[in-house]
Structures are given as structure tokens and as C-alpha cells.
Amino acid sequence: MTRNKVETSHAIVSSGSLADRLYTAVVVVVSIVAFIVVAYPLYFIVIASFSNSTMVNQGQVILWPKDINFYGYEQIFKDTRIWQGYLNTVIYTVLGTLLNLIVTLPCAYALAHKKFKARRIIMPLFVFTMYFGGGMIPTYLLIRDLHLLNTPWIMIVNGALSVFNLIITRTFFESSIPEELYEAAVLDGCSHFRYFISVVIPLSKAVISVISLYYMVGHWNDFFSALLYINSDELQPLQIILRNILLSNQAFAGGAGSGAGAGAGSYAQQFADQIKYAVIIVSTVPVLIIYPFLQKYFEKGVMIGAVKG
Amino acid sequence: MKPALLARKIQPAPGKGFLNGWAANYQLWLMVLPAVIYIAVFCYGPMYGIQLAFRDFDFSKGLTGGDWVGLKYFDQYFNSPMFWPTLRNTFVIAFFSIVLGFPMPILLALVVNSIRGHRRKRLLQTTVYMPYFISTVVLVALLQILLSPTTGLINDLLKTLDLIPADINLLGSPGAFVPVYVISAIWQSCGWNSIIFIAALSSVDTQQYDAARIDGANRWKIVWHVEIPAILPTIIILLIMNMGGVLSVGFEKTFLMQNSLNKSVSEVISTYVFNVGVKSNQFSFGSAVGLFNTLVNFLFLILANTFAKKKSNISLM
């Protein structure tokens, strides 16, 4: 592309040809629309959760909360089902994420070692499971045969390793921790275990944060495992309780799955909506609180995984 | 690498020469052991159980004890009245999810990358990533609240704009199921999926922008000739990976959005496997249907991978 030099330098200085200004305008409009489309429904749930539900239903609560009251939250505090579910989910999430890290981090460390020849066999066998699996029924029957059905253990053990997270972690170890460090440590008589615990782990806060968050959110939001493997009410995690409260008392909801606890409509209908808003907030807030703290690591972590994925 | 370190590397550590090979690596083996056990039991175990699809399940004999029946259960599925509806519904949802859902994160990433102010950029990013952390149950509850035919905000808005008839229940009408499913999926994960493209864009050399400017390119041309080519490998890899999941339409969301009014379009293969397999205890039949689903997925992955390798030399394997 050969252009008149005077013209181009002029374009750089003013940087404002019609096309460029149009581009800027499009960027501004799209980002504002994207922001509103995502943020507004979330904001609406927040203000609706402590507004007069009749006014919410009449469409009067649009920008600010009206007739502020905390009836929904009060009802939730009294609801033992929710707290039982909350407690179960916290237990499953904490223990599950710990197990995830115990399984994922050492494995990623070993697989990052070029001298560990077995990785050429192990890695493809792991990656294969990302794209091929036994399916829902054989998995269900296997878990039944292992006597893990309807126990808390299945909620913790299920998904103990995500191959995707393993790849992210392994790639991080390969690219961010210099091999010379290991060579030097070995000369000083350091074993793999020692080196892993006192050198690798402290240097890997970024990737540990990212995969912890992935695993944690996965456990917190897990609905499928409980639907498939858990029957007892006292073992149900929050998401199942939420389903019963939020969805099953809808006239048409549930379809195939309204069996477990359809008696959720125990609240007076006029308050049901407000309780729903409050339940949504209470159940989602823990995850949303943690995430901004880890956000700075996301792009790094996700990118690492993607390059070699 | 420093010369001193290089020299060290060549010489084996004194007294440890005989430990080359398996013995020296016993610690590494211990470290992969938990993961290997998990994958062997919970991933390859069920794969071994796939033979159930070719056997008559027998409660007394367990997972692999039934008599061989060959392709009986596949025949049963292919000839059942649910074969075409489940296959069609799965394809339709997957098709629109990829065609509409795949380009959106790329566009969003291009937009985010063009925002100048650092804080504005952060604010937009933090916001658009957020819905990804909402659980499927809560997402479907949100849909029910916002699309409620009597009190829903979005429903009211669409009615005011004359986009939908006055008395429609969007979550109960078959025609609206796929649009609601796809649009809400974009709402939830477009931001998150854009991260990878934003990261790829941030690694574009600024000299390329300057060079394009000097050649007289305007901002649109920079998008087309600099930014898109820079993220093309990422786009292709992700597209291949998405193709591999073409029939794994999210079970949770479909299941939770399913109701008696929209079942004609919302019964996909995975919900069908759950309904006939787990709920009605037709284990062999369910396994066969599930295996069919997995095989089609795998086929799509291989096809997409081969195609991309031929056309652009980029592939997963």
C-alpha cells in the first residue's frame, strides 16, 4: 500500500478520519449496550430483593428500590432447608476444592518434567477423556457399584481432576518456573517433594488462584451430580434446594424433574417472588465476592491454558 | 543459560547415576498416582462399562454381567419415535449456539481491546465476566422472573416494542425455546469466553499497529488486517474444540428449562438418556443412546480437526 506521505502523517496527527470516528462511536455504543444488558438484570434482582414485591410486579421498581423491606431475607433466615443446603454446599466446596488441588498440583508438576518419560503416555490418555467418555448411565452404575450413591463422598470426589485445569497448571509450571532452579536444588540434595512444596508452590500463586476459583465455582454451582447421585434431603446441596424453591413452584416448571421436593410452594404467593430474589442474592453472593480478588490472574491463567490446549 | 549451570547440568549428580530411570522418578510417580487412579476409575471405568450398550442389563449380575445382544438397543433407538426429535433438537440447539454464540466473544474482545481508558475497560470486563459465575439454576430462575408473561420486565419491554404477541409465555412456547436458550447462553458466557481473545489481542506487537497506520489503514482495516489475523489461530483452535462438543448440549440448562409445554423442542439426547435411562431404569438402552451421542461428538471433533489441519495447518493434535 503506497500512499502520499503528507496525507498519512496528517492522518496520524489528527487521527480522526471519518472511518476512525465511526469506529470509536461503534465501540462506545457497543460497550455501553453490553454493560447495561449484563449489569441491569443483576442490579434489578438486587433492588427487587428488598422492595415491595407488589410494586416490583407492577413494574414500578426500575431504577431504585421502593418501599424498602427485608421480608424476603427474614424468611430465608428462618428457612432451615436453605441453611442445611448452604452448609452442605460449603462442606462439599471446601473439601472438594482441597481434594482438587491435592490431585491436580502434584500431577501437573510431575507431568511438567521433561525427564519424566511416562508423561508421553499419561498425557494423551488424560486428554482423551476430555472428548470421549462412558456416558451418563455407565458412570451412574459404576458409582452405584462403588457404593458411593447417596453419600457425601461422591459430591466431593466427583470431578477430582479436571484435565483442562491440569493442562493450565502444567503449562504454567513449564513456562514460568525455570528449569535451572530445579537443577540447582537437586545439587543441594533437594528431593522432588521438598522442591515442589518449598519452591514450586510459593511461586505459583497465580495459577493456583485461577484453578481454585474454577474448581470452587464448579462445586458451588454443581446441580447435576446431586440430581443424579443424591436422594436424601439432608445431603442435598444448595443448588437442589434452590431448584425446589425457585423453579418447582412455578405452575409449568419442573416438567420431568419436579419429583424431589415439589412442596416448595409453602410461602404465600405474594411473597414468593421477593423470597426468590433474596434467595438468588444469598446463594450467589459468596462466589461473586471472591471473584474480583482473583480477576487479575484470569487473563494470564486462561491464556496459558489456551496456547497449549 | 549461565555457563556454570550448563556445566552442572551435564555432569550427573555424584553417587546418583544408578538411579536414572524408574527408581529416580518414584516420587514423580507418586505425585501422578492420585490423578491416574481418579482418571482410571471415574473416566476409564465408565468407558469399560460402555459394553452395557451391547448387553442386556441384569440387576443380579451387575455392570458387565448381562448377555450380549449386539446392536439391539441401537436398533431400538434408531427405530423409536424419539430418535429424530431428540437428534433434531440437539442439532438445532447446538447449531444456533455455535453460529450465534461463537462470534460474539470475538466481537466483544475487539471492542474491549479498543477501549482506551484503563478503568472503563476494567469495569466493562468485570461486569461482563460476572454472569459466568451464576449457577444454571439461578440463571433459569432469572429467566422465569424476567420473562414471566404477567410481571416480567423483559416480557413487558418486548411487548411494548411489539416484538412479541401480548399473551405469549416465552418459557412455555416451543417456538421461543431455542432463541431464549441461545440468547441467555450468550448473556451468560460471552464475556467469559472473550477473555481468551482479549489475552491473544494484548499480545499483538504495537509495531504492527504503527506500521498499518503508516500504510494509511483506518481503524476498521486494522481490525481486519492486523487484529483478526493475530487471533486467527486461537479462533480456529476454539472452533475445533467447540465442534467436539456439538452434541453435548448442556444437560443442566435444558433439563431445567424443560416443561411439558416445550418438550417437543427441548428433549435433547442427554435429557432423553436421563429420562429413559436413570429415571426409568432402562440402563442398556440409555447407555446405547449415550454412546451414540459421544460417537457423533467425537466424529465432529475429528472432522473439524482434519479440515482445519488441511486448510490452515492448525490443529489440536
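Author: The lining of the second largest pocket draws at least two residues from each of helix H2 (18-49) of chain A and, in chain B, helix H5 (103-114), helix H7 (136-146), helix H8 (153-160) and helix H9 (174-202). Helices here are DSSP runs of H or I with at least four residues, numbered from the N terminus. The model is a predicted one, in which local features need pLDDT of at least 70 and side-chain atom pairs count only at pLDDT 80 or more, whereas totals for chains, interfaces and linings use all residues. Residues are numbered from 1 along each chain as its sequence is written, chains are lettered from A and ligands numbered from 1 in the order in which they are written, and side-chain values use heavy atoms, with hydrogens and water left out.

The volume of this pocket is about 1,100 Å³. Among its 34 lining residues, Val37(A), Val38(A), Ile154(B), Ile183(B) and Trp187(B) are the closest to the centre. A pocket is an open set of points on a 1 Å grid over the protein atoms alone, where a 1.4 Å probe fits, with protein on both sides within 12 Å along at least five of seven lines; lining residues have an atom within 4 Å of a point. By class, the lining comprises 30 nonpolar, three polar and one charged residues.

The interface of the two chains is described next. Chain A contributes 107 residues to the contact and chain B 98, contact meaning heavy atoms within 4.5 Å. Together the chains bury about 9,600 Å², with 77% of it on carbon and sulfur atoms; buried area is the accessible area (1.4 Å probe) lost on putting two parts together, summed over both. On the chain B side, Met31(B), Phe133(B) and Trp220(B) lose the most area to chain A, together 8% of what that side buries.

One salt bridge is found across this interface, the term requiring a side-chain nitrogen of Lys or Arg within 4 Å of a carboxyl oxygen of Asp or Glu. Arg213(B) and Asp20(A) form a salt bridge, with their closest N and O atoms 2.8 Å apart.

Technical notes
Grid points are joined across faces, edges and corners, and a volume is the space filled by probe spheres set on the points. Ala, Val, Leu, Ile, Met, Phe, Trp, Tyr, Cys and Pro count as nonpolar, Asp, Glu, Lys and Arg as charged, and the others, Gly among them, as polar.
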